[in-house]
Amino acid sequence: MGERIRTYSGKELRGYLVGMFGQNLIYNIIATGLYFYFQNVICLPAMALGWIMAVARVWDAINDPMMGTIVDKTRTKWGKCRPYLIVFPGIIGVATILTFINGNYAQASTGTQKFLIVAWAAVSYIVWGMCFTVCDIPLWGITSLMTEDENDRSKILGLARIAAGIGGIGVLVVQVAQVIGDAFKNNGMEASKASQMGFIVTVIVMTVIASLLFEVAGLTTREKVEQSEKRYTFKENFQIMFRNKPFRQILISGILRSPIQLLMIVAMTLVTYYYANGNIMNIIITDEAGKFVGFDIKVLVGIGCVAAGLFVGQFVAMGITPALIRKIEKKTLYNFYSIVGAIPFALIYVFYKISGGDLTTVVWSIVVGICVFFAGGALGGINVLQSVMIADCVDYEEYTNGVRTDGVFFSGQSFITKLSAGIASILSSVVFAAVGYSGANVDKLNKAIEQGADFVTYDGGSGAGKYAAAMFFLISVLPAVGMLLSALPTLKYALTDKEHKRILDELVAKRASKSE
């Protein structure tokens with residue numbers, strides 16, 4: 001074909017990826033850091049934490065498509081996505097910091113104080129979710145506006161997932177906060193207060209840096225694909241999403257896969273308590289005078305294998321998936337990741353039982369690390385495919401009805417991510433409440449560990465090792481079930497690669513003809 005295909009420049013691509021990294025740094029500070037902070041630092045009751053997440057996700061069910069509709073109706077000289085990427089990074093930064101400015105539930109002396117602590121946690125988190133939606137939908141939606149070339153779009157989405165994965169270093173907010181908290185404690189501050197201050201200081205510094213990086217996306221990107229004049233109402237956009245069969249299949253698949261989010265939500269608590277006995281600083285061995293002697297190899301290997309397995313697995317899969325897409329049908333690859341990816345998740349719990357509950361030895365840590373590597377790989381591959389397939393659905397909708405509803409369809413991706421996290425949070429809260437890992441019991445656990453207790457065998461009134469068993473159940477059995485269920489809606493996926501190529505070729509020709 002002779003039509004000139006418009007696409008992004010190298011500078012735009014780099015700027016977009018920097019912004020994606022910054023945005024996901026913020027996301028992971030909240031997704032992992034805030035959950036750990038609520039559960040283990042200010043000790044919110046497990047069910048209160050679950051309800052906070054549930055209410056936030058119900059609101060997101062409405063808020064995300066609303067924002068998608070607003071984006072699709074936006075018309076400015078910068079385009080329809082860029083204005084939000086220019087204005088909102090600073091706002092989401094402030095909202096992120098405010099979620100950590102709270103009291104300690106376990107130490108509150110009155111019912112009113114406890115209520116206010118829970119209320120602030122709920123309100124600040126819901127406000128954060130709304131602000132994040134305003135940033136997230138345009139950031140992903142702009143990818144289908146930066147290029148008309150299918151390979152370039154697969155490339156940018158694949159690289160975007162890698163940049164988002166690198167932004168996963170935001171989970172280190174927990175470890176950094178513990179190091180800073182120890183510094184406060186060594187200067188005479190009470191332990192629980194020092195832990196809280198460590199988080200607040202760490203979050204402020206990391207969030208400011210992340211917000212500045214996020215801003216780069218709005219300042220450097222450009223929208224190349226022309227927009228149609230047709231507009232839809234909020235109600236009509238809902239109808240469009242569910243009428244579009246391939247998108248509907250992806251949406252249902254993503255919701256069924258919700259338990260996979262437990263790996264990200266619970267993993268940091270598991271690593272910190274199970275392998276480092278409650279504090280990452282236990283990786284360091286000191287003498288009686290506090291002088292550094294060396295590293296605890298057992299702790300180092302345990303944490304290293306799980307962390308490296310999770311992130312390296314994701315990066316490898318996100319790196320190779322765009323290349324695999326050019327050789328393998330997207331539907332086939334998506335279902336392969338879902339079905340086969342359930343195996344390593346399930347094996348984690350099998351090995352936990354075989355080991356008698358102690359996976360902290362070097363050999364068992366390596367075995368778990370290998371399982372987590374392949375589980376993380378399945379997660380990373382699915383994330384790339386989900387984004388590419390949603391972008392295909394936008395082309396399908398434009399071809400069928402003559403309008404590009406980028407914002408609405410990518411609001412579906414945001415909705416899947418946040419609803420999945422909400423469902424996973426409810427699941428974790430129910431399990432933790434069942435074994436008593438909640439509220440004052442967590443505060444009691446922290447104090448027991450300070451006095452020499454071992455988390456692996458700790459008996460907090462619920463039976464020795466039950467806390468650890470609950471965590472392994474959450475990151476293995478439930479995600480394995482979710483992965484298998486998620487393949488059901490896409491076994492007969494409605495949009496083949498061959499059909500999508502035909503659709504995209506016709507759209508490019510139509511746009512070129514219109515421009516002439």
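Colleague: Which residues lie nearest the centre of the largest cavity?
Modeller: Tyr27, Arg161, Gln261, Asn383 and Thr417 lie nearest the centre, and the lining has 42 residues. A cavity is a set of points on a 1 Å grid, over the protein atoms alone, where a 1.4 Å probe fits but cannot get out, and lining residues have an atom within 4 Å of a point. This is a predicted model, in which local features need pLDDT of at least 70 and side-chain atom pairs count only at pLDDT 80 or more, while totals for chains, interfaces and linings use all residues. Residues are numbered from 1 along each chain as its sequence is written, and side-chain values use heavy atoms, with hydrogens and water left out.

Colleague: How much space lies in the largest cavity?
Modeller: About 710 Å³, where a volume is the space filled by probe spheres set on the points, and grid points are joined across faces, edges and corners. The model has three cavities of 30 Å³ or more.

Colleague: Which element gives the most to that lining?
Modeller: Helix α16 does, with nine residues. Helices are DSSP runs (H or I, at least four residues), numbered from the N terminus. Other elements that give two or more residues include α1, α5 (111-141) and α12 (297-325).

Colleague: And how do the residues of that lining divide?
Modeller: There are 19 nonpolar, 18 polar and five charged residues. Ala, Val, Leu, Ile, Met, Phe, Trp, Tyr, Cys and Pro count as nonpolar, Asp, Glu, Lys and Arg as charged, and the others, Gly among them, as polar.

Colleague: Now the largest pocket: what is its volume?
Modeller: Its volume is about 550 Å³. Of its 26 lining residues, Lys185, Gly278, Asn279, Asn446 and Glu450 are the closest to its centre. A pocket is an open set of points with protein on both sides within 12 Å along at least five of seven lines.

Colleague: Which helices supply at least two residues of its lining?
Modeller: They are α1 (10-41), α7 (173-186), α8 (191-220) and α17 (440-450). The lining divides into eight nonpolar, twelve polar and six charged residues.

Colleague: Changing topic, how many disulfides are there?
Modeller: The count is zero, a disulfide being a pair of cysteine sulfur atoms within 2.5 Å. For cysteine 371, the nearest cysteine sulfur, that of cysteine 305, is 11 Å away.

Colleague: Is cysteine 371 buried or exposed?
Modeller: Cysteine 371 is buried, with a relative accessible area of 6%. Buried means under 20% relative accessible area, exposed over 50%, and partly exposed in between (1.4 Å probe, protein chains only). Cysteine 43 also counts as buried, at 0%.
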